[in-house]
Amino acid sequence: MPCRATLFNTKCDPIHQFGDGHYNEILFNPQGNMVGLCGFGNLRGKMKFFSMENKKLLSDFTAPDTTYFEWSPSGDIFLAGTLSPRLRQDNEFKVWNVSGKILLHQKVATPVTSGVDEKEKKIRNLKKKLFQVTKLKEQQKEGKELEKNQLEKIKTEGVLLAELKALELS
(Lines give C-alpha, C1' and ligand atoms only; values in the text may rest on other atoms or scores of the structure.)
Protein backbone atom coordinates (compact mmCIF):
# COMPACT_ATOMS: atom_id res chain seq x y z
CA MET A 1 0.00 0.00 0.00
CA PRO A 2 1.49 3.37 -0.97
CA CYS A 3 2.31 5.91 1.69
CA ARG A 4 1.57 9.62 1.60
CA ALA A 5 4.45 12.06 2.17
CA THR A 6 3.49 15.37 3.75
CA LEU A 7 5.68 18.30 4.75
CA PHE A 8 4.72 20.00 8.03
CA ASN A 9 5.80 23.33 9.51
CA THR A 10 7.06 23.77 13.08
CA LYS A 11 3.47 24.05 14.33
CA CYS A 12 2.66 20.65 12.77
CA ASP A 13 0.44 22.22 10.13
CA PRO A 14 0.63 20.44 6.75
CA ILE A 15 2.14 22.78 4.17
CA HIS A 16 2.68 20.46 1.20
CA GLN A 17 1.59 17.01 0.00
CA PHE A 18 4.23 15.24 -2.10
CA GLY A 19 1.70 12.62 -3.19
CA ASP A 20 1.40 8.88 -2.74
CA GLY A 21 4.13 6.37 -3.49
CA HIS A 22 6.14 3.42 -2.23
CA TYR A 23 8.79 5.16 -0.13
CA ASN A 24 10.68 4.32 3.01
CA GLU A 25 13.30 7.10 3.07
CA ILE A 26 13.11 10.89 3.02
CA LEU A 27 16.52 12.40 2.28
CA PHE A 28 17.24 16.13 2.43
CA ASN A 29 20.43 17.30 0.72
CA PRO A 30 23.04 19.02 2.93
CA GLN A 31 21.82 22.51 1.95
CA GLY A 32 18.19 21.64 2.67
CA ASN A 33 17.01 22.99 -0.69
CA MET A 34 16.15 19.56 -2.13
CA VAL A 35 14.45 16.47 -0.80
CA GLY A 36 14.37 12.94 -2.16
CA LEU A 37 11.56 10.48 -1.52
CA CYS A 38 12.99 7.02 -2.08
CA GLY A 39 11.98 3.38 -1.86
CA PHE A 40 15.05 1.30 -0.98
CA GLY A 41 15.78 -2.15 0.40
CA ASN A 42 12.72 -4.32 -0.15
CA LEU A 43 11.24 -1.65 -2.47
CA ARG A 44 12.25 -1.22 -6.11
CA GLY A 45 14.42 1.91 -5.81
CA LYS A 46 11.90 4.54 -6.92
CA MET A 47 13.30 8.06 -6.43
CA LYS A 48 11.56 11.42 -6.65
CA PHE A 49 13.39 14.68 -6.00
CA PHE A 50 11.65 17.94 -5.17
CA SER A 51 12.79 21.53 -4.84
CA MET A 52 12.11 22.77 -1.30
CA GLU A 53 11.82 26.36 -2.55
CA ASN A 54 8.75 25.86 -4.74
CA LYS A 55 7.94 22.18 -3.90
CA LYS A 56 8.10 21.28 -7.63
CA LEU A 57 9.07 17.83 -8.83
CA LEU A 58 12.61 17.94 -10.24
CA SER A 59 12.94 14.31 -11.31
CA ASP A 60 11.38 10.89 -11.04
CA PHE A 61 13.45 7.77 -11.80
CA THR A 62 14.42 4.32 -10.49
CA ALA A 63 17.69 3.04 -9.00
CA PRO A 64 16.92 -0.70 -8.65
CA ASP A 65 18.10 -2.70 -5.62
CA THR A 66 19.57 0.33 -3.85
CA THR A 67 20.63 -0.40 -0.27
CA TYR A 68 22.88 2.62 0.39
CA PHE A 69 22.44 6.35 -0.30
CA GLU A 70 24.69 9.31 0.49
CA TRP A 71 24.49 12.93 -0.67
CA SER A 72 27.65 14.66 -1.88
CA PRO A 73 28.63 17.83 0.00
CA SER A 74 27.59 19.86 -3.06
CA GLY A 75 24.01 18.61 -2.62
CA ASP A 76 23.32 18.11 -6.32
CA ILE A 77 24.80 14.62 -6.82
CA PHE A 78 24.62 11.49 -4.72
CA LEU A 79 25.97 7.98 -4.43
CA ALA A 80 23.55 5.04 -4.50
CA GLY A 81 24.79 1.52 -4.03
CA THR A 82 23.82 -2.11 -3.90
CA LEU A 83 26.03 -3.50 -1.17
CA SER A 84 26.61 -6.68 0.78
CA PRO A 85 25.47 -8.02 3.21
CA ARG A 86 22.00 -6.68 2.33
CA LEU A 87 22.29 -8.05 -1.21
CA ARG A 88 24.98 -10.56 -2.06
CA GLN A 89 24.77 -10.29 -5.84
CA ASP A 90 25.21 -7.53 -8.40
CA ASN A 91 27.02 -5.30 -5.89
CA GLU A 92 27.73 -1.90 -7.41
CA PHE A 93 27.64 1.80 -6.79
CA LYS A 94 26.54 4.64 -9.02
CA VAL A 95 27.03 8.37 -8.78
CA TRP A 96 23.90 10.17 -9.99
CA ASN A 97 22.81 13.75 -10.46
CA VAL A 98 19.32 14.64 -9.26
CA SER A 99 17.93 14.61 -12.78
CA GLY A 100 18.57 10.84 -12.92
CA LYS A 101 21.71 10.82 -15.08
CA ILE A 102 24.38 8.29 -14.05
CA LEU A 103 27.75 10.04 -13.82
CA LEU A 104 29.78 7.02 -12.68
CA HIS A 105 28.99 3.32 -12.48
CA GLN A 106 31.30 0.85 -10.73
CA LYS A 107 30.76 -2.88 -10.19
CA VAL A 108 32.05 -4.20 -6.88
CA ALA A 109 33.33 -7.72 -6.24
CA THR A 110 30.76 -9.76 -4.37
CA PRO A 111 32.17 -11.09 -1.09
CA VAL A 112 32.79 -14.81 -0.94
CA THR A 113 32.08 -16.70 2.24
CA SER A 114 35.48 -17.69 3.55
CA GLY A 115 36.55 -20.58 5.74
CA VAL A 116 36.97 -18.09 8.59
CA ASP A 117 33.25 -17.37 8.53
CA GLU A 118 32.44 -21.08 8.62
CA LYS A 119 34.89 -21.61 11.49
CA GLU A 120 33.30 -18.79 13.48
CA LYS A 121 29.85 -20.25 12.86
CA LYS A 122 30.98 -23.66 14.13
CA ILE A 123 32.57 -22.14 17.25
CA ARG A 124 29.42 -20.12 17.97
CA ASN A 125 27.27 -23.24 17.50
CA LEU A 126 29.47 -25.32 19.81
CA LYS A 127 29.39 -22.61 22.51
CA LYS A 128 25.60 -22.53 22.23
CA LYS A 129 25.41 -26.31 22.72
CA LEU A 130 27.78 -26.12 25.71
CA PHE A 131 25.61 -23.40 27.24
CA GLN A 132 22.58 -25.68 26.86
CA VAL A 133 24.50 -28.55 28.52
CA THR A 134 25.39 -26.24 31.43
CA LYS A 135 21.73 -25.27 31.87
CA LEU A 136 20.67 -28.92 31.82
CA LYS A 137 23.29 -29.81 34.45
CA GLU A 138 22.01 -26.98 36.66
CA GLN A 139 18.45 -28.26 36.31
CA GLN A 140 19.67 -31.76 37.17
CA LYS A 141 21.41 -30.44 40.32
CA GLU A 142 18.18 -28.71 41.36
CA GLY A 143 16.46 -32.10 41.28
CA LYS A 144 14.54 -31.74 38.05
CA GLU A 145 14.00 -35.04 36.29
CA LEU A 146 15.46 -34.80 32.78
CA GLU A 147 14.24 -36.59 29.70
CA LYS A 148 16.33 -39.20 27.90
CA ASN A 149 17.41 -36.85 25.09
CA GLN A 150 18.48 -34.23 27.67
CA LEU A 151 20.63 -36.80 29.48
CA GLU A 152 22.19 -37.78 26.16
CA LYS A 153 22.99 -34.13 25.48
CA ILE A 154 24.81 -33.86 28.83
CA LYS A 155 26.94 -36.89 27.86
CA THR A 156 28.18 -35.03 24.74
CA GLU A 157 29.87 -32.30 26.82
CA GLY A 158 33.36 -33.85 26.56
CA VAL A 159 33.14 -34.25 22.80
CA LEU A 160 31.85 -30.68 22.39
CA LEU A 161 34.68 -29.27 24.54
CA ALA A 162 37.31 -31.19 22.57
CA GLU A 163 35.85 -30.05 19.25
CA LEU A 164 35.73 -26.43 20.45
CA LYS A 165 39.34 -26.56 21.66
CA ALA A 166 40.49 -28.03 18.33
CA LEU A 167 38.69 -25.32 16.37
CA GLU A 168 40.05 -22.51 18.54
CA LEU A 169 43.61 -23.80 18.12
CA SER A 170 43.39 -24.17 14.33
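How many residues sit between β5 and β6 in their hairpin, and which residue in the turn has a positive phi? There are five residues between the two strands, and K55 is the one with the positive phi, at about 60°. Keep in mind that this is a predicted model.

Let's stay with β5 for a moment. This strand covers residues 46–51, and five of its six residues are buried, so the rest of the structure largely encloses it. On one pairing, β5 runs antiparallel to β4 (residues 34–38), with five bridges joining them; here M34 has S51 as its bridge partner.

Now for the rings. The count of aromatic pairs comes to eleven. Two of them are set out here:

| Pair | Centre to centre | Angle between planes | Arrangement |
|---|---|---|---|
| F61 and W96 | 5.1 Å | 25° | stacked |
| F69 and W71 | 5.5 Å | 85° | edge-to-face |

The F61 and W96 pair is stacked. F61 belongs to β6 and W96 to β9 (residues 92–97), so this contact ties together parts that are 35 residues apart in sequence. Both of these residues, F61 and W96, are buried. As for the other pair, the planes of F69 and W71 stand at 85°, so it counts as edge-to-face. F69 and W71 are buried too.

Definitions and conventions: Residues are numbered from 1 along each chain as its sequence is written. This is a predicted model: local features need pLDDT of at least 70, side-chain atom pairs count only at pLDDT 80 or more; totals for chains, interfaces and linings use all residues. Side-chain values use heavy atoms; hydrogens and water are left out. Buried means under 20% relative accessible area, exposed over 50%, partly exposed in between (1.4 Å probe, protein chains only). Helices (H or I, at least four residues) and strands (E, at least two) are DSSP runs, numbered from the N terminus. Two strands pair if DSSP finds at least two bridges between them. Rings of Phe, Tyr and Trp (its six-membered ring) pair if their centres lie within 6.5 Å; planes under 30 degrees apart count as stacked, over 60 as edge-to-face and the rest as tilted.
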